[in-house]
Amino acid sequence: MDLDAFSAAHRDQWERLDVLVGRGHLSGAETDELVVLYRTCARHLSRVRSAAPDPQLIAELSSRVAAARGRLTGTREVRSHSVRRFVLQSVPAALYRIRWWTCGVMVVEIALALVVGMWTLRSPEAMSALGSPEKLDAYAHEAFESYYSTYSAPDFAAAVWTNNARIAAICVAGGITGFLPLYMLYQNAVVVGRAGAIMTDHDMLSVFLSLISPHGLLELTCIFIAGAAGLKLFWTMLVPGRR
């Protein structure tokens, strides 16, 4: 390939691309032209790289293609109205879209916790598998309550919500596997069910409910939503629909 002849033949297109990239406002026709010239310049860059890899021309065309791509894709700045829109519109809309998944996860999770709790409570073998009578007695009368009272309110809130964020991240990021959200939801239901069984076995169900309710409603809701989002991602991969 004769690079001088190639450059001379297409120089007008490249310079026109520079003009469109540097222009503040583009009309519809100019935007279409920008797209066409961007694709053309990208093809020219590919040809030069494969046929006559001249470093100077490659650098020149690469910068043009990158600038045109940036103009087409655009950049987004974080502004106050973007944050307000995210909080007031995007998040509620996302939660609304998975509302039935969240309700389904909630029902199954609570049912599973009740089943695990009742089975553990009525099965001496299952109860003994959790620890010795002395250990279970210490858990019911000391450890369970101390979990909520050992740390100051800010520290406890930070610990709880850090754990919630970890579970939510695992559920959503691992949603494409389908397994991780189910595993996290199952583990959470088993832990809650076993804790309730131990407290009930020691006639402290009211203490269990009074301690877990203040933060449990928020914490469990967070887990329900995260699990629902992860499972929805997995289901969307399996059944994407017409779109």
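A: Happy to. A nonpolar core here is a set of buried Ala, Val, Leu, Ile, Met, Phe, Trp, Tyr and Cys residues joined through side-chain atoms within 4.5 Å. Buried means under 20% relative accessible area, exposed means over 50%, and partly exposed is in between, with a 1.4 Å probe and protein chains only. This is a predicted model, in which local features need pLDDT of at least 70, side-chain atom pairs count only at pLDDT 80 or more, and totals for chains, interfaces and linings use all residues. Residues are numbered from 1 along each chain as its sequence is written, and side-chain values use heavy atoms, leaving out hydrogens and water.

Now to the core itself. The largest nonpolar core has 18 residues, and those touching the most other members are W14, L17, C41, V48, L57 and L61. Two or more residues come from each of the elements α1 (3-22), α2 (28-51) and α3 (55-73); the biggest contribution is from α2, with 6 residues. Helices are DSSP runs of H or I with at least four residues, strands are runs of E with at least two, and both are numbered from the N terminus.

Let us zoom in on L57. Not counting residues up to four places away in sequence, L57 touches L3, S7, W14 and V48, where contact means heavy atoms within 4.5 Å. L45, in helix α2, is buried, with a relative accessible area of 7%. With the residues up to four places away again left aside, L45 touches I58, L61, S62 and V65.

W14 also belongs to an aromatic pair. Rings of Phe, Tyr and Trp (its six-membered ring) pair if their centres lie within 6.5 Å; planes under 30 degrees apart count as stacked, over 60 as edge-to-face and the rest as tilted. The whole structure holds 2 such pairs. F6 and W14 make a tilted one, at 6.2 Å centre to centre and 55 degrees between the planes, and both F6 and W14 are buried. F179 and Y183 make a stacked one, with 5.8 Å between centres and 25 degrees between the planes. F179 and Y183 are separated by about one helical turn because they are 4 residues apart in helix α9 (residues 179-201). F179 is exposed, at 54% relative accessible area, while Y183 is partly exposed, at 37%.

Next, the surface. V83, F86, V87, L88, V91 and L95 form a nonpolar patch with about 530 Å² of accessible area together. Patch residues have over 30% relative accessible area and no salt bridge; like charges are joined within 9 Å, and nonpolar side chains (Val, Leu, Ile, Met, Phe, Trp, Tyr) within 5 Å. A salt bridge is a side-chain nitrogen of Lys or Arg within 4 Å of a carboxyl oxygen of Asp or Glu. Accessible areas come from the Shrake-Rupley method with a 1.4 Å probe, and for residues only the protein chains shown count as cover. V87 lies in helix α4 (residues 80-97) and is partly exposed, at 49%. Back to L45 for a moment: L45 and V83 are 38 residues apart in sequence and 39 Å apart in space, C-alpha to C-alpha.

Finally, H202 sits in the loop between α9 and α10 (205-238) and is buried, at 18%. D203, in the loop between α9 and α10, counts as exposed, at 73%, and has a positive phi of about 55 degrees although it is not a glycine.
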